[in-house]
Amino acid sequence: GAPRVRVELEPAGSTSGRVPSPSRRVDRRPVCPGAFARAFLAPNQRFPMERLLARRLARCGVSLALALLLAPYGAVAAESVTLPAALELARARSPDAEVARQRLAEAQAELRGARVLFVENPEIEAVGLPTAGAPLEVEARQALGGPGERGTRVRRARELLAAGEADRDDAFRLLDLAVTEAWFAALAAEQRAAIAGEAAALASDLAAIARARVDRGADSALVYNTARIRLAEAERARIAAEADRDAARLELGRLLGGGPADPADTWPTLQAAPSVESAVQTALAQRPELAALGHQAEAERARAREAAADAWPELTVGAAWHREDDAERWLGVAAVTVPVFNRNQGEVGGARAAAARLEAELAARRALIEAEVRTLSLARASAERGVAVYDADVLRAQEESVVLLRRAFEEGKVDFTELVLLQRELLEARLGNIEARLALWLEDARLRVSLGLPIITEGGAP
């Protein structure tokens, strides 16, 4: 709990400045810092020095109490990660990645079950009494299944496993895109917060300069009041930017399966984008969901063949041992199931219809992917032109303008109204540079994911 102290006070109404004797002390109980403050601010203090000391001690007590109460709620340090490390962590720790792996494990288990020699287990039947001389018959039977049934079953399970692997790759592809978007969003939020902090610091300096100019009689009090208002706006913008930065860190950490995460790098160098036609062909060849739909259609065709095999007669073989009146004999058993009425027509028709449906979905998805790639290629090209506007000279001029603005106002070369307008334009330009870079890197990541390519190459760059 909060620290507790013992306060010994002179009773209210006492006119003596002496230190009270133990018999005159009225409160020996431990009290909290709030009572500590109220005690030292009591009106029975006589001398100004004593009252001043009491106020200072009270402020110290309140500050100590607040520090102890707020210590457990301090900001948690964010985990610093690069983009390649973030992608690896997400695949290792993200719940979405674990769902994809478990679905693949289900398909692997189905393949193991399909590889068994016979679907049905042997049957053993005994009729009679095991006592001496009593009739007894023991029979064992095994259904062999239809011709090619096991091979068809295994082929279907393999196609489902291949579809599961493609679904896992597609889930990883979408997870990589989500992590990349969150990583770049956190990086942009970090830079916005830094710019907002610089703007707040500049507003504080300008307010101090305005106060000095007012004191010298160079400006009116209106200039200082306007500077104070501008400082409040800058502080509000800084607080909002820091809140957005913390929210972006939390979102990135959620995708990584941990606490808040902070990008540990700056904007990487991008590779040149492929041509539109080349990008379309790459996407149609690499997208995992196209492969998944193709394998699922093959699995349905294999299911149709497996269901059609049930229309063939099924052979059951076995052996029987018979004992009666101490005479024993062995008999062979053979049975054939003739599918006269139920030839599995519904299962065959349903599997064939499912295969046709998946083929239609595959064709529709290919057309959708082609349109998506063309749209993303145009968006990336537009974002690249937007970043090209902010060349090295423009960025250097933005950084120099921050210093020049402060100096010009201090020397009286610009009035405060003009200064505020210039400062806002400069702030918007710096934030516009961040937004342009964020748009380019996001569009590049979306295009690479749409092509079915990894976001990070072996060289570690997008």
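Visitor: How do the residues lining the second largest pocket divide into nonpolar, polar and charged?

Guide: Twelve are nonpolar, three are polar and five are charged. Keep in mind that this is a predicted model.

Visitor: Which of the lining residues are closest to the centre of that pocket?

Guide: Of the 20 lining residues, the closest are Arg-91, Asp-169, Arg-173, Asp-176 and Pro-454. The space in the second largest pocket is about 370 Å³.

Visitor: Which elements give two or more residues to the lining?

Guide: They are α3 (83-93), α5 (149-216) and α8 (288-309). The largest share comes from α5, with six residues.

Visitor: Helix α3 also holds Ala-86. Why is Ala-86 called buried?

Guide: Buried means under 20% relative accessible area. Ala-86 has 0% relative accessibility, so Ala-86 counts as buried.

Visitor: How far apart are Ala-86 and Leu-252 in sequence and in space?

Guide: In sequence, 166 residues separate them. In space, their C-alpha atoms are 8.7 Å apart.

Visitor: Now Leu-144, in strand β5 (residues 136-145). Why is Leu-144 called partly exposed?

Guide: Two cut-offs decide. Under 20% is buried, over 50% is exposed, and partly exposed is in between. Leu-144 has a relative accessible area of 35%, so Leu-144 is partly exposed.

Key: Residues numbered from 1 in each chain as written. Predicted model: local features only at pLDDT ≥ 70, side-chain atom pairs only at ≥ 80, totals over all residues. Heavy atoms only, no water. 1 Å grid on protein atoms, 1.4 Å probe; cavity = no way out; pocket = protein on both sides within 12 Å on 5 of 7 lines; lining within 4 Å. Points joined across faces, edges and corners; volume = space filled by probe spheres on them. Helix = DSSP H or I, 4+ residues; strand = E, 2+ residues; numbered from the N terminus. Nonpolar A, V, L, I, M, F, W, Y, C, P; charged D, E, K, R; others polar. Buried < 20%, exposed > 50% of the residue type's maximum accessible area, 1.4 Å probe, protein only.
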